[in-house]
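Please walk through this protein with the sequence and the 3D view side by side.

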Amino acid sequence: METAKILVVDDERSILVLLKEALSQWGYHVTTAASATEALGVLKSELFDALITDIRMPDMSGLELLREVKKQDESIEVVMMTGYPTIASAVQALKEGAYDYLSKPLILDELRHLMSRMMERKFLRGEIHTLRARLGEELTVNELIGTSVPMERVKEIIGKVAVTDSPVLIEGESGTGKELVAAAIHRLSSRAKRPFIPVNCSAIPQDLLESEFFGHVRGAFSGAVADALGLFRGADEGTIFLDEIAELSPALQVKLLRVLQEMQVRPVGSTKAFPVDVRVIAATNRDLERAMTEGSFRQDLFYRLNVVRVTLPPLRERREDIPLLAEHFLTKYAEQMKKPVRSISQAAAERLQAYSWPGNVRELENIIERAVALEPSSSVLPDSLPAYVRAGTAVDPGSRIPDPGPAAALPDLSEGFDLEARGEDFYRHYIALALERAGGVQVKAAEMLGMTFRSFRYYAKKFNLR
């Protein structure tokens with residue numbers, strides 16, 4: 001998160017000095033103004049995350065400044081302060097859009113906690129706004145592309161389940177578009193104007209997940225310097241998407257089950273429970289029924305989540321959608337890169353159609369992006385595709401990453417070729433595939449490929465793979 005920028009306005013110099021020093025120590029970037037007029041001048045040339053202003057000032061009152069600021073920037077958070085507190089002025093300030101109202105003399109500890117809560121809310125709102133905008137762009141151009149029978153069935157289920165509040169379990173291999181399906185369900189539901197918060201359960205350390213999910217109170221653990229709302233309360237009246245649900249520890253599975261049953265969350269370190277109204281959509285690329293048999297996933301949690309199940313087909317089972325997807329990604333990246341690549345040649349299309357797509361739609365998108373970047377002509381030719389796609393190397397996504405063997409898809413020397421480039425394509429493909437299978441855990445991915453972690457990390461960094 002970037003350092004938050006705060007504008008402090010007060011006609012008392014001592015207050016400006018005090019607040020600048022305190023806020024700077026707490027990690028904020030602070031600008032001060034000695035009057036409302038000066039503050040409006042500063043706001044014309046700079047954007048701020050929050051404004052702290054006195055109410056009584058000689059040239060313009062803090063309430064008038066609040067109104068002007070909100071006209072210019074609705075998203076800025078405003079804290080009012082006064083040495084002459086009245087209920088009427090407090091109510092008026094909150095009605096005009098202020099976040100809170102403080103009495104002088106200020107209690108710095110109180111201000112610090114207020115700032116922490118306020119900036120957390122602003123950050124969360126910003127994330128939600130960005131996500132909504134991104135999802136709006138993606139889904140209005142029908143990112144759930146495909147006319148195959150399996151995809152039409154998925155779209156039909158999405159339409160039916162969106163109008164309910166039932167939990168949904170989305171199953172599918174990595175790269176099949178599970179988050180897009182979850183987002184589509186949210187956007188078609190009555191919760192569409194409320195938050196949609198995606199969480200990758202495998203990307204957050206297990207010892208931090210409970211706090212991330214349910215929040216914490218100040219002092220609950222080392223580093224908990226202020227109360228935190230948590231993702232479930234942040235998604236109140238909206239939808240939370242729990243990706244890679246199978247990666248949750250047994251202890252957290254119990255706590256998640258309780259939340260789903262009671263619709264209440266208890267922050268870490270608190271004795272108080274808070275009601276939440278959240279729709280839960282979960283996703284996994286693992287066989288949860290097998291995980292239940294093995295004892296790594298709770299049966300009662302599975303049945304609580306598995307009210308409606310959506311199974312996404314791998315790309316190899318809906319090959320008729322490959323041309324539509326490829327053309328969509330071609331248009332997207334040609335526009336982004338401002339390149340005159342307008343089509344995919346028949347020869348290149350045949351290679352795309354023959355490939356097994358272990359990384360599914362995500363892999364197809366990456367390969368088309370690469371092809372657009374490399375293609376010098378107006379049509380994607382086979383030479384702009386990776387060597388393993390041109391060779392049609394078959395990979396079973398459910399198996400261990402195979403040793404390709406000495407004779408697998410070796411090119412004819414003919415008049416020569418770029419050996420280094422072909423070698424890089426080979427490494428890039430299998431390192432990306434191993435990362436997919438390992439859920440992004442590099443140690444596991446290195447083991448799959450029989451590489452040292454140091455060597456794997458070198459190549460992953462070289463090819464910008466995560």
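Arg 309 has a relative accessible area of 29%, so Arg 309 is partly exposed. The model in which this value was computed is a predicted one. Arg 309 forms a salt bridge with Glu 171, and their closest N and O atoms are 3.2 Å apart. This pair links distant parts of the chain, since Arg 309 belongs to strand S12 (residues 308–311) and Glu 171 to strand S6 (residues 168–171), 138 residues apart. Glu 171 counts as buried because its relative accessibility is 14%, and buried means under 20%.

Lys 71 pairs with Glu 68, with 3.5 Å between the closest N and O atoms. Both residues are in helix H3 (residues 62–72), three residues apart, which is about one turn of the helix. Lys 71 has 65% relative accessibility and therefore counts as exposed. Glu 68, at 30%, counts as partly exposed.

What is the N to O distance where the side chains of Asp 321 and Arg 318 meet in a salt bridge? The distance is 2.9 Å. Asp 321 and Arg 318 are both buried.

A cis peptide bond, with omega about 0°, joins Lys 104 to Pro 105. Pro 105 sits in the loop between strand S5 (100–103) and helix H5 (108–140).

Glu 244, a residue other than glycine, has a positive phi near 55°. Its place is the loop between strand S8 (239–243) and helix H10 (250–262). Glu 244 counts as buried because its relative accessibility is 11%. Asn 360 is also not glycine, and its phi is positive, near 60°. Asn 360 is in helix H15 (residues 360–374). With a relative accessible area of 0%, Asn 360 is buried.

Now consider the whole chain. The protein chain contains 19 helices and 14 strands. Of its 466 residues, 46% are buried. Among contacts between residues at least 6 apart in sequence, 70% join residues at least 24 apart. The chain exposes about 23800 Å², and 52% of that area is supplied by carbon and sulfur atoms.

Definitions and conventions
Residues numbered from 1 in each chain as written. Predicted model: local features only at pLDDT ≥ 70, side-chain atom pairs only at ≥ 80, totals over all residues. Heavy atoms only, no water. Helix = DSSP H or I, 4+ residues; strand = E, 2+ residues; numbered from the N terminus. Buried < 20%, exposed > 50% of the residue type's maximum accessible area, 1.4 Å probe, protein only. Contact = heavy atoms within 4.5 Å. Areas by Shrake-Rupley, 256 points an atom, 1.4 Å probe, with all protein chains shown as cover. Salt bridge = Lys/Arg side-chain N within 4 Å of Asp/Glu carboxyl O.
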